[in-house]
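Dear colleague,

I am passing on the structure we spoke about, with the sequence alongside.

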Amino acid sequence: MNKDNSAGFIFWFDEIGKDDVNLVGGKNANLGEMYKNLTGAESKQFPGEKIAVPFGFAVSAASYRHFIKENNLDQKIKDALAGLDTHNIKQLEDCGQKVRELILSAPFPADLEKEILAAFKTLGEKLKLSSTDLDVAVRSSATAEDLPDASFAGQQESYLNVRGEHELMESIKKAFASLFTNRAISYRQDKNYDHFNVALSVAVQKMARSDRGSSGVIFTLDTESGFKDLVLINAAWGLGEFVVKGMVTPDEFKIFKPTLKKGFKSIISKRLGSKEKKLVYSQSGKELTKEVAVGADERHKFALSDEQILKLAKWAVIIEEHYGRPMDIEWALDGERNELFIVQARPETVQAAKNANFLEEFVLQESGKVILQGAAVGAKIGQGKARYIKDASQLSEFQKGEVLVSEITDPDWEPIMKIASAIVTNAGGRTSHAAIVSRELGIPAVVGTGHATELIPTGVEITVSCAEGEVGKVYEGLLKFEVIKTDLTDFKPPKTDIKMIAADPELAFKYSFLPHRGVGLARVEFVISNFIKIHPNALINYQSLSNQEVSASAKATADDPLFNYKREVKDQIDMLTLGYPDKVQYYLDKFTFGVAQLAAAFYPYDVLLRFSDFKSNEYAGLIGGKLYEPVEENPMMGFRGASRYYDPSFEKAFSLEVEAVKRVREEMGLWNLSVMVPFCRTPEEGKRIIAILDQHGLKRINTEDRKKKKNGDLVEGVEIWVMAEIPSNVLQVEEFAEIFDGFSIGSNDLTQLTLGLDRDSKLIAHIGNERNKSVQKLISILIPEAHSRGLKVGICGQGPSDFPDFGEFLVKLGIDSISINPDTVLKASINIKAVEEKIGK
């Protein structure tokens, strides 16, 4: 903008940009940057997309300085802050209150007030609204805010639904005073920012009527792992303050950027939040907004449609690419006009500052009793005595090293948050104030637990673990844990592909930072047992469970155990599937999202998904499973793997797995996902499975496309592998090679079936393992025979990592890949590289 006007009081959004932080603060500079550069022209990346930013103006930093100078407040503020120790909570509260009162009691200089009111009138005229009908947001915008190297989120105040000249001027003055909130004072002092080198500008921006719609926060990376190919969206009903302040547990959506850019509908995760209350306009009284309860229908419904999710994700990518760095964005859905708006954007400062070559992993060394769980923030473990803080009057009671337990956290609580060992809250999501501050401070937090303040009394010793995925857990007692630090700066991988065994989608993004060449075994059983929890046939046949409720036959009365079991199953299904009238869709969505996250985390490397391989006793352990599973003497050898997929009792359930894979590949664009058939006893079984997959539209890759894929070209056909875990898979390798596209050695089952062992029996475990000569003889047949037919061979299991001689044996045979658990990837890579150097590979 014109620097000659740097002393001006008012700047419109179309006059300012990101380089004007000193003039209008970080928030206004970014609003102007987006309004000027991103709202007019269509995006080249996403044709037809134009970002919408509500128009407004900035009351400049020069206005704030003029206000302070004309009221002679400089020296009074310095005197009030003299000798302040920010670690003395009571002193900090008293000093902050005194400074704010000095500002609030001072009048506006006449010239400044005149220009602000003139701008307000002009804004109404531009929007064709009278000053009484014009509703605006008044947002603080500090000159040391929203910088790439520091986050001042939540330190200053915002005011919504501001109407009329009097309310406008009062809100601006309150915003000026919020430059000296307790947290802002403490934070600046900790960061060595001079209080008097920071000024406050104010954004006056047309409101988006999200009180009648929804609102939330977007990050253009995964806030916990730092995975940069993700857009994370939080959403809740009503005005956005409740999401930011952590007063509600919002919906959460994950969108995969690389395939979004290619035109795919790449929503890879949707999680329903409780959204129990919302903030709306107040129609009477002094308060501008009020809290109301959210009805059951809205609580059980997502606050955004898929179309709106994808639009916001595209906008987020456009903003990120414009700034050239990960961003933290706030959005609003105007419910009156059904239009989306971006209302704030700032650089993300925590994950963006991390060095990807240095890995730090916290690992619990013992188990304990889980008190409660919620959303994990950070990937660390903290512990200490709990202290419940109900409100700001109790802050001075908090001691260094304690675990802060509260309903939510407030910006003014930052001085105690920075001395806490961990934080646990009842409400909030991963983009709430508690989450943002704890992430910035490097302190683990579990948010949105629901009942922390009821279940954790002050003084009890607890361990807070955010190191076990997206679900954070609070344990009784002080559990032992270790911190593993790894420097990958000089790491050089072996020539043999080291892949991972992956199961938990919530850990996948974290593990993606380990050196790898994809996933050689993606276990979907974890998704079924931990995310779905229900037997697929119980969902397919849900209506029969419902019908039982209204007509109990003479044989199935309320006294019949089977009747009662079915009723219990129905109740559990109803609870888990809230928001899903179609229960089968619940299974399909959960399965799809679980697999999609595994495929996205390691993209573009291949992710080989093994279709479900539960044994009948394991399936029986799912909700409703006892209704559909046989009781077998030896489930390990029984109704499992390929034999299930074409059986009339399971073929509908298997079709859901196939449909989910199709959705991940074709709708989300994750073509790196391949599939694998487990426990395929005969070539005839293999042919039946290929036919079923083909029938459901999952076409096997052809020979020509397989060659293209080797060159890195995109192909539509899917590779279908088989687990080589039965001696027949090796002894008839030439026939299996005609049916499948690769072999993955399942060393545990192959050892079991070669030596006649029951791998679940400790009594005979000492007899042998995969190093046995018979097992190795079978592997020695398989690898060269498969290679002679142009097929790859991998192995899944810890053997190559645990036994260096076995790893050497495999490398000499030319094994294509070795897949192991994430915690041993580095060890295995080093061992295999040493073997390659030893044999001169």
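In which helix does Ser747 lie? Ser747 lies in helix 28, residues 747–755, where helices (H or I, at least four residues) and strands (E, at least two) are DSSP runs numbered from the N terminus. Before going further, please keep in mind that this is a predicted model, in which local features need pLDDT of at least 70 and side-chain atom pairs count only at pLDDT 80 or more, while totals for chains, interfaces and linings use all residues. Residues are numbered from 1 along each chain as its sequence is written, and side-chain values use heavy atoms, with hydrogens and water left out.

To stay with Ser747 for a moment, its relative accessibility is 2%, so Ser747 counts as buried; here buried means under 20% relative accessible area, exposed over 50%, and partly exposed in between, with a 1.4 Å probe and protein chains only. Leaving out residues up to four places away in sequence, Ser747 touches Glu770, Ile795 and Cys796, a contact being heavy atoms within 4.5 Å.

Overall form

The chain has 32 helices and 30 strands, and its C-alpha atoms fill a box of roughly 95 × 75 × 55 Å along the principal axes. For 841 residues, a compact globule would have a radius of gyration near 28 Å, and the 30 Å of the chain agrees with that; the radius is taken over C-alpha atoms, and the globule rule is 2.2 Å times the number of residues to the power 0.38. Of the 841 residues, 58% count as buried, and among contacts between residues at least 6 apart in sequence, 70% join residues at least 24 apart.

The chain exposes about 34100 Å², of which carbon and sulfur atoms supply 48%; these areas come from the Shrake-Rupley method with a 1.4 Å probe, and for residues only the protein chains shown count as cover.

The nonpolar cores

A nonpolar core is taken here as a set of buried Ala, Val, Leu, Ile, Met, Phe, Trp, Tyr and Cys residues joined through side-chain atoms within 4.5 Å. The largest one has 103 residues, and Leu670 and Phe743 touch the most other members. Helix 20 (residues 583–601) gives the largest share of this core, 11 residues. Apart from this core lies another, of 94 residues, among them Val99, Ile172, Ala303 and Ile329.

Beyond its neighbours up to four places away in sequence, Leu670 touches a set of residues that includes Phe256, Ile268, Ala596, Ala599, Ala600 and Tyr603. Asp589 is also found in helix 20, and at 10% relative accessibility Asp589 counts as buried; leaving aside its neighbours within four places in sequence, Asp589 is in contact with Tyr580 and Arg663.

Backbone points to check

Most residues other than glycine have a negative phi, and most peptide bonds are trans. The peptide bond from Tyr603 to Pro604, however, is cis, with omega near 5°, and Pro604 is found in the loop between helix 20 and strand 25 (607–610). Asn72, which is not a glycine, has a positive phi of about 55°; Asn72 lies in the loop between helix 2 (61–70) and helix 3 (74–81) and counts as exposed at 57% relative accessibility. Lys128 has a positive phi too, near 60°, and lies in the loop between helix 5 (110–127) and strand 3 (135–142), where Lys128 counts as exposed at 77% relative accessibility.

Residues brought together across the sequence

Gly429 is placed in the loop between strand 18 (422–425) and helix 13 (433–441), and with a relative accessible area of 6% Gly429 is buried. Gly429 and Pro250 are 179 residues apart in sequence, yet 6.0 Å apart in space from C-alpha to C-alpha, and the contacts of Gly429 include Asn234, Val248 and Val447 as well as Pro250. Lys570, in helix 19 (residues 561–576), is buried with a relative accessible area of 14%, and its C-alpha lies 9.1 Å from that of Ile623, which is 53 residues away in sequence.

With best wishes
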